[in-house]
Amino acid sequence: MSRASRFDQRATALVELRGLRHEHELFEEALAARGWPVLERQGREPAGFAERRVRYLIEARFPGSRFNATAGARQRIELIGDELGLDLQVPAVEGVARAPRELPRWYVYERPEAPAGTGPAARARGRFALWCAERAGTRDTGRLVTAATPQAARWLAARPLPGTPAQRGEVAVRRSLGAAPTPASGTGDRRESARLLTRLLAFALLGFVLGARLMDVRLVQGRWSWASTVLLAAAAAGAAFVLGRSPRGAPGPARAPAPGADTGSAAVGAVLVVFAAGLGAFTAWKAPDPGIGAPAILVLLLVAVVVNGLRLLVRQWSWQRVAPWLLPALIPLGFGLLPGVGTAVHVMYLDAFGVDLEDVEIPRAHQFLAMAKLTLCLSLWFLAPGLLGYMKHFHWHVRDRLFGNSVVLVVSIVLVVTGFLGAGLLAAARAGERAVAAAGAGRTPASYYGIEPEWVCLAPVGEPADVPVDGGVLDPARPYLKLGDSGGVVVVWDAGEKAALKIPLERLRVAPADSARVTCGTDGPEG
C-alpha cells in the first residue's frame, strides 16, 4: 500500500473554496496527491480571472486513532489551504464509522452416502458416519462460509465458485465443535473483538504490576499493601464490567441475553486479572533482589510504550522526516560510547571518599558496563520522539505544530539533563555517599562497577614508622576499608578519621577481615 493510501480513519467533509480556476486546480491536485476522492462538486467552473465559490464534498483519509479523528480531519484539510494560500473553509466534517457484523461461521461437508443394507448394523454405521461428518469434520470440503441463517449458509455452500472443484455429492453445513447448531439471531461488531482484547490486556498488565507490588512490599517491609489490594480489586471489577457488558448483538432493539452469560463473562475477566496478579507476584518473588519486581516491570512497560511511540512516528512520516528527530538521539548515544566516558561514574563515586580515579584500577569489563549504563541513561531522550509519535497518532500535531514542537524540545532538554546528570553522574555520587555512610557504620559497602570495597588488616613490613603513608597515620591494630590499588599503591579508607590512605603494597601484608569490628595483629585478624 502506498503512503498516500495508508490510512486508519476516514472522514467526509464539506469544503468551500473561493478563488480562481488555477487555485481550484491546485486544491484538487493536492487532494489527488493524498489519495482523497472528491465525492461531489457544486458550483460553476471559474472562467478567466473571475472568482467563484465552489463546494466540494470530499473524503479525507489519514492514519491515527479514532479519538479526536474529526478534529484531525478538519485540521488536515485546513492545512492544505494554509500551505497553498487558499481561501478555504470547512463548514462540516464527520468521521465515517462502519460496523461490519460478525456473522457466524459454517463449515461445508459432503453428506455421507447411505450404507448398503437395511439392518441395525447398517443403520448404526450410517448414524456414526453422519455424526463424524457433522461433529468431527471428517468429510469437510474445505469451504468456509459466513451467514446469519442456516438457509443462507446452505445456499452459499452449494454455489459454485470459479477455480474450485465441483461438488461431487450433496453438501451441507455445520458449526464448529462446541458451537450452538443454530446461531443467535443477533451478531456483533467484527472489530469489537480487537478493542475488547486491548482493554482486557490493559487490565491484565495492571494486575501484573499490582501483584508484583504486593510481593515487593511483602518481601521488603513484611506487611500487606492494602492500597495495592484495593487497586487490584478495582482492576478485577473493571475487567469484569468490560467483559460482562461486551456487545453481543447488532445495533438495534436489545435482546435478552442468555441466562448467566454476563455473569460468566464477568467472572472470566476478574479471574484473568487475578491470574495476572499471581504471575506478577511470582515474578517479583523470583527476582534476584527483593523489591525490584514492580519497578523492573514498569521500566519494561515504559520501554514498550516508547518503542510503540517511535513506531507510530515512523508509520505516519517518511524516513526523510523521521531522521531529523531520531538522528540527534544517536549523538548522545555516540557520546556515551566514547572510550573512557564510562569512568565518569567511577570519578563521582570515588569523589565521596576523596580518592582520584588514577589511584584505583578499574577492570576494562566494568568500564564497559559503566559506559553502557551512561548510554542507557542518555537513551531517555527517545521519550521525546516517542511522545511526538503519540501526539501525531491522536491528532494533536497536525496544523498548530509550534506548540507541539516546543513541548517536545523542552521535554528533550529535560530528558537529556535528567538522564546524564540525574540518573548517571549524580546517581554515582549518591552511591558513593551511601558507601561512605555504610563504612562509617561498620558495614561493607556494595560493589560498584568494578570497585570492590572490603575490610582488610594491614600489617607493615618492618617498622610501622618506616612505612610511607599518604593521607594519615597507619594503625595496624584496626581494619581499613580497601577501595583498590593501582601502580603498586593500595588505597584504603579510614572510617574513624574519614580519610583515604595511600600506602605502597610492597611495604604491607594485606589480609582480608570479616568486618570492621575485628582486631588486627601482625598475622591478620585476631577476632
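These legends go with a set of close-up views of a predicted model.

**View 1. The whole chain, before we zoom in.** This predicted model has 13 helices and 14 strands in its chain. Of the 527 residues, 38% are buried. Take the contacts between residues at least 6 apart in sequence: 73% of them join residues at least 24 apart. The chain's accessible surface comes to about 29,600 Å², and carbon and sulfur atoms account for 61% of that.

**View 2. A look into the largest pocket.** Rolling a probe the size of a water molecule over the atoms shows where empty space is left. Here the largest pocket holds about 940 Å³ of space. Its lining is made up of 27 residues, and those nearest the centre are Gln9, Ser65, Arg66, Phe67 and Arg195. Two or more lining residues come from each of β1 (9-19), α2 (69-84), α5 (192-221) and α8 (293-316). Which element gives the most to this lining? That would be α5, with 5 residues.

View 3. Is Gln75 buried or exposed? Its relative accessible area is 19%, and the limit for buried is under 20%, so Gln75 counts as buried. Setting aside neighbours within four places in sequence, Gln75 touches His395, Val398 and Arg399.

**View 4. Leu144 and the residues it meets.** Leu144 belongs to strand β6, which covers residues 140-146. With 45% relative accessibility, Leu144 counts as partly exposed. Once neighbours within four places in sequence are left out, Leu144 is in contact with Arg105, Trp106 and Tyr107. Look for Val108 too: Leu144 and Val108 are 36 residues apart in sequence, yet their C-alpha atoms are 6.3 Å apart in space.

**View 5. The disulfide between Cys457 and Cys520.** A disulfide is a covalent bond between the sulfur atoms of two cysteines. This structure holds 1 disulfide, and it joins Cys457 to Cys520 with an S to S distance of 2.0 Å. Cys457 is in strand β8 (residues 454-460) and Cys520 is in strand β13 (residues 520-521), so the pair ties together parts that are 63 residues apart in sequence. The torsion about the S-S bond is about -65°, which is why this disulfide is left-handed. Both Cys457 and Cys520 are buried.

View 6. Most residues other than glycine have a negative phi. Tyr449 isn't a glycine, but it has a positive phi of about 45°. You'll find Tyr449 in the loop between α13 (401-440) and β8. A relative accessible area of 26% makes Tyr449 partly exposed. Lys498 isn't a glycine either, and its phi is positive as well, at about 55°. Lys498 is in the loop between β10 (489-494) and β11 (499-504). Lys498 has a relative accessible area of 55%, so it counts as exposed.

Technical notes:
Residues numbered from 1 in each chain as written. Predicted model: local features only at pLDDT ≥ 70, side-chain atom pairs only at ≥ 80, totals over all residues. Heavy atoms only, no water. 1 Å grid on protein atoms, 1.4 Å probe; cavity = no way out; pocket = protein on both sides within 12 Å on 5 of 7 lines; lining within 4 Å. Points joined across faces, edges and corners; volume = space filled by probe spheres on them. Helix = DSSP H or I, 4+ residues; strand = E, 2+ residues; numbered from the N terminus. Buried < 20%, exposed > 50% of the residue type's maximum accessible area, 1.4 Å probe, protein only. Contact = heavy atoms within 4.5 Å. Disulfide = S-S within 2.5 Å. Areas by Shrake-Rupley, 256 points an atom, 1.4 Å probe, with all protein chains shown as cover.
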